[in-house]
Amino acid sequence: MLGLTLSFMFVNLIGIGLGSGTFANPAWLEADGISSGALILAGYDGLGEFGKFCGVIVALGLINNNVPGTYASALGFQVLGRYGKMVPRYLWVCVIVLIYFVCAVAGRNNLFDILSNFVALMGYWTMIMVAIVLEEHLIFRRGKLFDWTAWEDKKALPLGIAAMVAFLLGWVGAIIGMYQHWYIGPVAIKVGGVGADIGVWVGCAFAMVVFVPLRWWELRRFGR
């Protein structure tokens, strides 16, 4: 944990330095207008050829940073069902790399905007999922131990009806409460007279209210 904290602090401080430098260095400002990568290379200009080498190391570090996420995505495809499991994990990795390579090439001129919008959407669904998982653990599995040997036994796993319905209705709440430059929800625009992004909270509220009675019904009806 200490290692992660120090590494994040170090990189964030470098980012702050580069961002602040654009106000005092016209060359850095011009590079920032091209891309964040160009700004990093401009920051290394004072080191000459060694600076270019450092830029290559940073680029390779970005590739390395994709490895855990790519592996986790491949694992995610395999746990979707027995058909996904039949495909070797290394093939899933190749498919995933091909997908994000094509997306990166197609959106290279607007990559920052695309990532900003995508990260915002991730925030909505992640919090909805967290709300559902917390209710499942704190309300319905309180004091119960998990049987880790049954992770692939369909008869021992929940059907997911309550979770899916709560998740979809949570998204309805997120949509009506989100405030993004590409979309403003009808509820979000009414907050404070000027609007505010409350999509996360509305989405969580919808999911939390709906999940409990549906999960209770699911357990009563199907026993799992």
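Helices are DSSP runs of H or I with at least four residues, numbered from the N terminus, and their axes are lines fitted to C-alpha atoms over the stretch in contact, with angles between N-to-C directions running from 0 to 180 degrees. The model is predicted, so that local features need pLDDT of at least 70 and side-chain atom pairs count only at pLDDT 80 or more, whereas totals for chains, interfaces and linings use all residues. Residues are numbered from 1 along each chain as its sequence is written, and side-chain values use heavy atoms, with hydrogens and water left out.

Helix 4 (residues 49-78) and helix 6 (residues 89-106) cross at roughly 120°, their axes coming within 9 Å. Helix 4 is therefore oblique to helix 6, the class left once angles under 35 degrees (roughly parallel), over 145 (roughly antiparallel) and 65 to 115 (roughly perpendicular) are set aside. In contact (heavy atoms within 4.5 Å) are Asn-66, Thr-70, Tyr-71, Ser-73, Ala-74, Leu-75, Phe-77 and Gln-78 of helix 4 with Arg-89, Trp-92, Val-93, Ile-96, Val-97 and Tyr-100 of helix 6.

A nonpolar core is a set of buried Ala, Val, Leu, Ile, Met, Phe, Trp, Tyr and Cys residues joined through side-chain atoms within 4.5 Å, buried meaning under 20% relative accessible area (1.4 Å probe, protein chains only). The largest such core has eleven residues, among them Tyr-124, Phe-140, Ala-174, Met-178 and Val-210. Helix 7 (111-140), helix 8 (161-177) and helix 9 (199-222) each give two or more residues to this core, and the largest share, four residues, comes from helix 7. Ile-132, also a member of this core, touches Ala-163, Ala-166, Phe-167, Ala-207 and Phe-211, residues up to four places away in sequence not being counted. A second, separate core of six residues includes Trp-28, Ala-38, Leu-39 and Ala-42.

Notes: Buried means under 20% relative accessible area, exposed over 50%, partly exposed in between (1.4 Å probe, protein chains only).
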